[in-house]
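Hello,

Here is the structure I promised to pass on. Please open it first, then read my notes below.

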Amino acid sequence: MEKGLLKEGIIKILSGIILLGVLLFLPAGDLKWMNGWILMGVLFVPMFFAGIIMYFRAPDLLRSRLKAKETQSEQKDVIRYSALMFLASFITAGLDHRFEWTNAPEPVTWASVIVFLLAYCLFGEVLRENRYLSRTIEVQEDQTVVDTGMYGIVRHPMYSATVLLFLSMPLILGSLPAFIIMLAYIPIIVKRIKNEEDVLEAELKGYSEYRKKVRYKLIPFIW
């Protein structure tokens, strides 16, 4: 096994834990903020075990997931907008807790946890179905169109999962203002999908036929 890949994965997770912890608990001014710890747990515990599984069973997929440098100028803008959205949403959620602007009922938090975990399972299934998935938009060597499973329902099931994941996060934190900010992900992902489909149409053999076969991009029977 590649020790360098394992080290890179561990560093990524630890960096994420530290960064999210700072973004949440510093504005909140409360290390005992339970909703913050719930989000940290449901986000990073499954991520850790998913990383371990990929390391032993699909190291190439793990390597591609760790790759994060976009070459497309449009996608660089998407990354910037997404980063700003996450920063604003998490900081706002912390401030919301500190100043008690809103206080979502506890059942909303736990219902959002369930949605988050189900979306995580959906994300894992998408990773299992499509070994070509990476964090950047590119066509890999010998890549073929995947049209089975979730890909037979919508063309971008990974993004369907991320919409559920991201929109449930501020609700786990119990913050309506943070949720409103996170809604910016919808136009962001629409922009990303448009550019991704242009790339796949031009560079991936069989994608034009796949688009005709599977009509919906993100949400079955809607879009």
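Start at F116. Leaving out residues up to four places away in sequence, F116 touches V42, L43, L165, S168, M169 and I172. Keep in mind that this is a predicted model.

F116 also belongs to the largest nonpolar core, which has 56 residues. F116 is listed there with L24, L39 and F90 as the residues with the most contacts inside the core. Helix α6, residues 157-172, gives this core its largest share, 9 residues. In soluble globular proteins, nonpolar side chains tend to be buried together.

Next, look at S112. This serine sits in helix α5, which covers residues 106-129. Is S112 buried or exposed? S112 counts as buried, because its relative accessibility is 6% and the cut-off for buried is under 20%. Its contacts, apart from neighbours within four places in sequence, are S168, L171 and I172. S168 and I172 are also among the residues that F116 touches.

Now the whole chain. The protein chain has 9 helices and 0 strands. Along the sequence, the pattern reads α-α-α-α-α-α-α-α-α. The chain has 223 residues, and 43% of them count as buried. The accessible surface comes to about 12,600 Å². Carbon and sulfur atoms hold 66% of that surface.

One last point concerns contacts between residues at least 6 apart in sequence. Of these, 78% join residues at least 24 apart.

Best wishes

Technical notes. Residues numbered from 1 in each chain as written. Predicted model: local features only at pLDDT ≥ 70, side-chain atom pairs only at ≥ 80, totals over all residues. Heavy atoms only, no water. Helix = DSSP H or I, 4+ residues; strand = E, 2+ residues; numbered from the N terminus. Buried < 20%, exposed > 50% of the residue type's maximum accessible area, 1.4 Å probe, protein only. Contact = heavy atoms within 4.5 Å. Areas by Shrake-Rupley, 256 points an atom, 1.4 Å probe, with all protein chains shown as cover. Core = buried A, V, L, I, M, F, W, Y, C linked by side-chain atoms within 4.5 Å.
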